[in-house]
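Please look over the structure shown here and work through the questions and answers that follow, which take up one topic at a time.

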Amino acid sequence: MLDKIKDLRKELHQNPELSGFEKLTAERIVYFIRTYNDTQIITNIGGHGIAAVYKFSDSGPTIGIRCELDALPITEENQFEYRSINEGVSHKCGHDGHMAIVAGLIFWIKEKAFTSGQIVLLFQPAEETGKGAFKMLNDIKFQSLNLDYLFALHNIPGEPMHSIIQLENNFSAEVQSAAIYLKGKKAHAAQPENGINPTLAVSTIVSKLSKLNEHQPKNDDFAILTPIHILVGQKSYGISPENAELHYTLRTWDESVMKKIKETLLTIVKNECEIHKLKYTIDWFEHFPATQNNQVCNHIIQKAAKFNNFKIKKESQPFRFGEDFGWFSKKYKAAMFGLGSGVNSPALHHTDYDFPEEIIDTGISMFKTCIENILKHES
């Protein structure tokens with residue numbers, strides 16, 4: 001069966017779709033599940049989300065296993081046979097592998113005869129934009145599943161293959177993106193005094209925001225404010241500009257620090273705009289709440305790793321990337337673990353990254369053992 005799962009992974013890799021447009025990816029998953037296993041499948045949850053439901057009894061816990069459907073707007077460099085056929089789009093975060101792992105559970109589930117509970121395989125849209133989990137949570141079709149436990153994994157390049165990376169508290173950072181728009185008054189470049197040029201305000205805002213950075217990850221007030229894109233005016237040398245925009249990502253370890261950073265950012269922008277007589281707007285988007293690992297779920301993950309003789313590596317600091325699984329962890333008993341994808345693997349989001357199929361069976365074994373331990377213990 002592993003060959004069929006690997007074939008699915010390659011098919012998904014070759015046909016990637018961006019966040020919110022995963023229609024054909026979802027259809028491929030549904031087709032795969034129905035080809036090998038007849039079960040209830042709920043579609044179009046919070047977009048193109050899917051839930052494959054395996055019910056053993058009306059009583060007992062419901063366990064969800066979640067993965068992601070979407071790919072990234074990155075052109076693939078790899079030249080292997082199954083390289084992306086969609087120009088400018090590719091699976092550079094390993095979501096194709098995550099889907100293969102979760103879909104691959106169907107062969108094991110088909111052979112099981114648990115006396116209680118149910119298993120729900122979740123395929124979530126739009127993880128990369130931070131929108132998918134939130135939309136699923138607010139969909140009545142998802143809410144009706146009444147999950148008791150929810151698990152997920154993420155492959156981690158740079159770590160030994162098959163190793164299990166655990167974090168006691170948060171798995172990933174709180175991430176928020178922002179766009180700051182400034183508006184002054186256009187004038188001739190020869191008479192800039194007749195206009196309101198936002199350039200000085202931009203330089204001051206950038207300088208003041210840089211002072212909010214706390215780069216020591218061991219500190220509770222850890223914060224990274226990364227300028228992503230800055231634009232002032234246009235390439236027209238006779239014009240003193242009126243418009244400017246600054247784009248940032250903000251990263252902290254928790255929601256309370258993020259709230260303070262956002263308030264300070266707003267104060268800085270407001271004050272500078274008052275000084276320079278500018279108008280402003282701020283758009284907040286791509287919010288990834290910190291993924292908070294439940295201690296009971298963490299214990300189940302650790303027990304599964306030990307049972308399968310996988311090396312466990314415990315990290316003291318969360319990963320700095322955003323992961324919208326955090327929306328689920330706000331409401332459900334949930335946890336995410338890292339799965340080492342190779343010391344020499346290209347990093348996530350790099351153009352030559354490719355999910356290593358060697359760890360598909362590792363991920364399946366972890367989820368199988370987590371499910372079995374819960375259903376056997378609580379049946």
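Q: How do the residues of the lining of the largest pocket divide into nonpolar, polar and charged?
A: This is a predicted model, in which local features need pLDDT of at least 70 and side-chain atom pairs count only at pLDDT 80 or more, while totals for chains, interfaces and linings use all residues. Residues are numbered from 1 along each chain as its sequence is written, and side-chain values use heavy atoms, with hydrogens and water left out. For the classes, Ala, Val, Leu, Ile, Met, Phe, Trp, Tyr, Cys and Pro count as nonpolar, Asp, Glu, Lys and Arg as charged, and the others, Gly among them, as polar. By that division the lining of the largest pocket holds nine nonpolar, seven polar and five charged residues.

Q: What volume does the largest pocket have, and which residues are the closest to its centre?
A: A pocket is an open set of points on a 1 Å grid over the protein atoms alone, where a 1.4 Å probe fits and protein lies on both sides within 12 Å along at least five of seven lines, and its lining residues have an atom within 4 Å of a point. Grid points are joined across faces, edges and corners, and a volume is the space filled by probe spheres set on the points. The largest pocket has a volume of about 520 Å³, and of the 21 residues that line this pocket, the closest to its centre are Leu 72, Glu 128, Phe 288, Gly 322 and His 349.

Q: Which elements give two or more residues to the lining of the largest pocket?
A: Helices (H or I, at least four residues) and strands (E, at least two) are DSSP runs, numbered from the N terminus. With elements named in that way, those that give two or more residues to the lining of the largest pocket are strand 8 (174-183), strand 12 (243-252) and strand 13 (279-288).

Q: Which residues are the closest to the centre of the second largest pocket?
A: The second largest pocket holds about 200 Å³ of space. By class, its lining has four nonpolar, five polar and five charged residues. Of the 14 residues that line the second largest pocket, the closest to its centre are Asn 169, Trp 253, Ser 316, Gln 317 and Pro 318.

Q: How many degrees lie between the planes of Phe 80 and Tyr 82?
A: Rings of Phe, Tyr and Trp (its six-membered ring) pair if their centres lie within 6.5 Å, and planes under 30 degrees apart count as stacked, over 60 as edge-to-face and the rest as tilted. A search of the whole structure finds 15 aromatic pairs. Phe 80 and Tyr 82 form a stacked pair, at 4.0 Å centre to centre and with an angle between the planes of 20°.

Q: Why is the pair of Trp 108 and Phe 114 edge-to-face?
A: Trp 108 is buried (under 20% relative accessible area, where exposed is over 50% and partly exposed in between, with a 1.4 Å probe and protein chains only), since its relative accessible area is 13%. Phe 114 also counts as buried, at 11% relative accessibility. The ring centres of Trp 108 and Phe 114 are 6.0 Å apart, and the pair is edge-to-face because the planes stand at 65°.

Q: In which loop is Asn 146 found?
A: Most residues other than glycine have a negative phi. Asn 146, although not a glycine, has a positive phi of about 55°, and at 53% relative accessibility Asn 146 counts as exposed. Asn 146 is found in the loop between helix 5 (140-143) and strand 5 (149-156).

Q: How many residues apart in sequence are the parts that Lys 314 and Glu 168 tie together?
A: A salt bridge is a side-chain nitrogen of Lys or Arg within 4 Å of a carboxyl oxygen of Asp or Glu, and the side chains of Lys 314 and Glu 168 meet in one (3.5 Å, N to O). Lys 314 lies in strand 15 (residues 312-315) and Glu 168 in the loop between strand 6 (164-167) and strand 7 (170-172), so the parts tied together are 146 residues apart in sequence.

Q: Which residues do salt bridges that share partners join into one network?
A: By the salt-bridge rule the count comes to 19. Salt bridges that share partners make one network of Arg 9, Lys 10, Asp 96, Asp 354 and Glu 357.
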